[in-house]
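The notes are kept in the order in which I checked things.

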Amino acid sequence: MSLWGPCAIPILGATPHREVFPLLFFSLFLKKMTANRILALSSMTAAITPNGSARPLATIAKQGDNKLMPRSSVYSALILRTRASGESNRDAWMLTAEEGILRATVFGGPKSKLRSHAAPFHSGRVWIYHDPVRDTRKLSDFDVLSWRPGLRELYERAMTADAIAETILATHGGGGNWEAALALAEPALDALETANEEFCTRIFIQFLWRWAAFLGIQPQAEQCAHCGEQAQADAIMLYSSADNALCCAACVQAGAHDEIENAAGASSGFMQINPGCRRWLLTAAAHAPADMGRYTMDAKTLREAKLLTQALVAAALGRRPASWDW
Ligand SMILES: [Zn+2]
């Protein structure tokens, strides 16, 4: 408060100088920001020294242990989405390694440096000021380590990146292991930077397949979920959206499930998954997104793999995100 008090009085007494206000407020804002940054940095050093063990970078900036005191914390973050907030500010949603999905307000107009830094798919270290009374967060600084400019050079890259980001948001960052979530998302976005249209689709299919495993909903690709038999290498499997599982043709024909008895035919409740699709997904799961350029597939396999992976994640969400269609 002492920062504001002495300066505000003379200005209030001299109301005609209205143009002074923005400048004054801006310089005060800078002073406050710098102070927060110093506090955050000093607390970071303290967090590393006591017993030598690494603990999350998010730390209490202020002295004392009052839970209602505002605190500034530093995170490893990937910006997933930004939206206008009020007249000139923006809200940024990000995946952080320390606390999962966070939303923070970015103050400043279109020419603000911080605002240009806090754009989708940029990642690095962010400083966030948290007001526990209002439970609001403010982005106070951003050291961008990856800008990913290539994502803006091709429509398909931008749309695929957006689909990945919205999938992460819709599934609440995967629900716990945030570092692993970032380790899945960041290489996929890096690979997209140089991808052509088809490569983009493959990266998205691979991301959804791996994300399904991360969420614990990836079905066995080589084993029937009903009878437990290993699938023959050349066997066609059937995906049941009701069970979110792959079944062998024999089980489906025998009407082993209630839904199967009710189904008019395999086409109504089941999706046919050919051996080529299963092989591609198993191979893709074991490789980095950057390698997806080398793992080609024919149009039919691509379509099947896309439908299957989207059906898996949509079943977990109970809906199909609009960002998947472009
Ligand atoms: Zn079976």
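**Entry 1: ground rules**

I note that this is a predicted model, in which local features need pLDDT of at least 70 and side-chain atom pairs count only at pLDDT 80 or more, while totals for chains, interfaces and linings use all residues. I count residues from 1 along each chain as its sequence is written. For the elements I use DSSP runs numbered from the N terminus, with helices being H or I of at least four residues and strands being E of at least two. I call two strands paired if DSSP finds at least two bridges between them.

**Entry 2**

I followed W127 of β4 in both directions: W127 is the bridge partner of V74, and in β5 the partner of W127 is D141.

Between β4 and β5 I found a hairpin with 4 residues between the strands. D135 sits in this loop, and its phi is near 50 degrees, a positive value in a residue other than glycine. I wrote that down because most residues other than glycine have a negative phi. Is D135 buried or exposed? I use C-beta atoms placed from the backbone, and call a residue buried if 20 or more others lie within 10 Å of its own, exposed if 12 or fewer, and partly exposed in between. D135 has 7 such neighbours inside 10 Å, so D135 counts as exposed.

I then looked up H172, in the loop between α4 and α5 (178-192), where phi is near 55 degrees and again positive in a residue other than glycine. H172 has 13 C-beta neighbours inside 10 Å and therefore counts as partly exposed.

**Entry 3: helix α11**

Helix α11 (residues 299-317) has 19 residues and reaches 27 Å from its first C-alpha to its last, close to the 27 Å expected at 1.5 Å a residue; the expected span is 1.5 Å times one less than the number of residues. Which residues of α11 are buried? I listed T301, E304, A305, L308, T309, L312 and V313. Seen down the axis of α11, these fall within an arc of 145 degrees, so they line one face of the helix; the arc is that of the directions from the helix axis to the C-beta atoms. A reminder to myself is that an α-helix has 3.6 residues a turn, so residues three or four places apart point the same way. On the other side of α11, A299 and K300 are exposed. Just after the helix, G318 takes a positive phi of about 80 degrees.

What covers the buried residues of α11 includes α4 (155-170), α6 (197-215), β6 (237-240), β8 (270-273) and α10 (275-285).

**Entry 4: neighbours of α11**

The axes of α10 and α11 come within 9 Å and cross at roughly 65 degrees; axes are lines fitted to C-alpha atoms, for helices over the stretch in contact, and angles run from 0 to 180 degrees between N-to-C directions. The contact is made by G276, C277, W280 and L281 of α10 and by T301, E304, A305 and L308 of α11.

The axes of α6 and α11 also come within 9 Å, and cross at roughly 35 degrees. Among the residues that meet here are I205, L208 and W209 in α6 and A305, T309 and L312 in α11.

**Entry 5: the three-stranded sheet**

Last, I looked at an open sheet of 3 strands in the order β7-β6-β8, with antiparallel pairing. β7 (245-248) and β8 stand at the edges, each with a single partner strand, so one side of each is left without a neighbour in the sheet. The twist averages 35 degrees from one strand to the next. β6 and β7 pair over 4 bridges, and L238 stands opposite C247 in β7.

Conventions. Two residues are in contact if their C-beta atoms, placed from the backbone, lie within 7 Å.
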